[in-house]
Amino acid sequence: MSGVVTGDAVVLGLQPARLPSRALAVLVDLVVVWAAYLLVMLGLAVATASLDEAAVAAVSVAAFLLILVGAPIAVETLSHGRSLGKMVCGLRVVRDDGGPIRFRHALVRGAMGVVEILMTFGVVACVASLVSERGRRLGDVFAGTLVVRERLPAARVLPVPPPPPWLVGRFAGLDLSAVPEALWLEVRQYLTRARELDPAVGRRLAERLADELVARTGTPPPAGVPASAYLAGVVAERQARDTRRAFTEAGAGADVGNRTGAGTGAGGGFEAGRVFGAPAVAVPPVVAVPPVVAVPPVVPPSGASPVTPPVTPPPAASPPSAPPAGGSSSGGGSSATGFVPPA
């Protein structure tokens, strides 16, 4: 990896392209460009058959410059440093600060490429690329550019080996809040590559990492536990805690969502018990039955006994019917009250 520093003082880790991949990309570009040049020259030979030699020479020079020089410059400018050969090989031309190239960078590279690639059959470009630390040819040096690899092989993610079975759950009460992420990363890298290290070197490294973990947690390891097993047990405990925390947060989020949905269905604009999308059914309102009112007795003339009129129970309530279109009731302007007039 090459440390490319941007204008904001940020170091970019880019992998410069080496001579074999660049040579293959240039070969693909030359095959395409020369095939196009030959086809164009055949067409010009037929079209300029009636012209004199000076005109034919001028047309040939113009075709050479436009196809073999101008076309690569235009392609690199429009594609931001990716010609056909570079796309096939997974390469790209960038500036020294990692940014995309512009027309002036492509122009300098194309002009120098005529000298170091076309006129010398690539000898100067190969020598310059081998001498340069980052594999740059003369065109890259003068233009301030760099050819980097875009397609990098995916890094292998090695799993952390599990701890011994008799250590599972032994560190449940350990306080891991003061352990920094950098130390966790070192421990994981040691555990994944412990088999590749020399036994003595690996043992010393494990002891150093275990001492740092003990200093951060404040709890010494169990007696008789090797440093490597202690590291594996602590890492497994942290992974178990992270897993439980993730499941707890997911369950809490689902519970909040269910409560929100229930509240919305009860009083948030949806009717309880109603299936979404089903047509609404009109529920008739409840008609209150008026109470029975006792009618006072009619007082007869003096000397006669009072007569109490019979009390008639109110009629049974019936569901209200929709009013007619005119908006008036059918009872002649009076509504039924359920009261019985006095006799």
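Trainee: Which residues of α8 are buried?
Mentor: In this predicted model, the buried residues of α8 are G202, A206, L209, A210, L213 and T217.

Trainee: Why are they said to line one face of the helix?
Mentor: Look down the axis of α8. The buried residues fall within an arc of 105°, so they line one face.

Trainee: What does the face turned away from the buried side carry?
Mentor: That face of α8 carries the exposed residues R204, D211 and A215. To be called exposed, a residue needs over 50% relative accessible area.

Trainee: How does the reach of α8 compare with what is expected?
Mentor: Helix α8 covers residues 199-217, which is 19 residues. From first C-alpha to last, α8 reaches 27 Å. At 1.5 Å a residue, 27 Å is expected, and the reach is close to that.

Trainee: What makes D198 a cap?
Mentor: A side-chain oxygen of D198 lies 3.2 Å from the backbone nitrogen of A200. The cut-off for a polar contact is 3.5 Å. D198 caps the N-terminal end of α8.

Trainee: What follows α8?
Mentor: G218 does, and its phi is positive, near 80°.

Trainee: Why is R137 called buried?
Mentor: Its relative accessible area is 8%. Buried means under 20%, so R137 is buried.

Trainee: Where is R137 found, and what is it in contact with?
Mentor: R137 is in the loop between α5 (123-131) and α6 (138-143). Leave aside its neighbours within four places in sequence. R137 is then in contact with R22, R109, M112, G113, E116, I117, A125 and A128.

Trainee: Why does C89 count as buried, and why is C126 partly exposed?
Mentor: C89 has 12% relative accessibility, and the limit for buried is under 20%, so C89 counts as buried. C126 has 33%, which lies between 20% and 50%, so C126 is partly exposed.

Trainee: What about the chain as a whole?
Mentor: The chain has nine helices and four strands. From the N terminus on, the elements run β-β-α-α-α-β-α-α-α-β-α-α-α. Buried residues make up 24% of its 343 residues. The chain exposes about 22800 Å², and carbon and sulfur atoms supply 66% of that area.

How values were computed. Residues are numbered from 1 along each chain as its sequence is written. This is a predicted model: local features need pLDDT of at least 70, side-chain atom pairs count only at pLDDT 80 or more; totals for chains, interfaces and linings use all residues. Side-chain values use heavy atoms; hydrogens and water are left out. Buried means under 20% relative accessible area, exposed over 50%, partly exposed in between (1.4 Å probe, protein chains only). Helices (H or I, at least four residues) and strands (E, at least two) are DSSP runs, numbered from the N terminus. The expected span of a helix is 1.5 Å times one less than its number of residues. The arc is that of the directions from the helix axis to the C-beta atoms. A polar contact is a pair of N or O atoms within 3.5 Å; within protein, one must be able to donate a hydrogen and the other to accept it, and residues adjacent in sequence count only if both atoms are side-chain atoms. Contact means heavy atoms within 4.5 Å. Accessible areas come from the Shrake-Rupley method with a 1.4 Å probe; for residues, only the protein chains shown count as cover.
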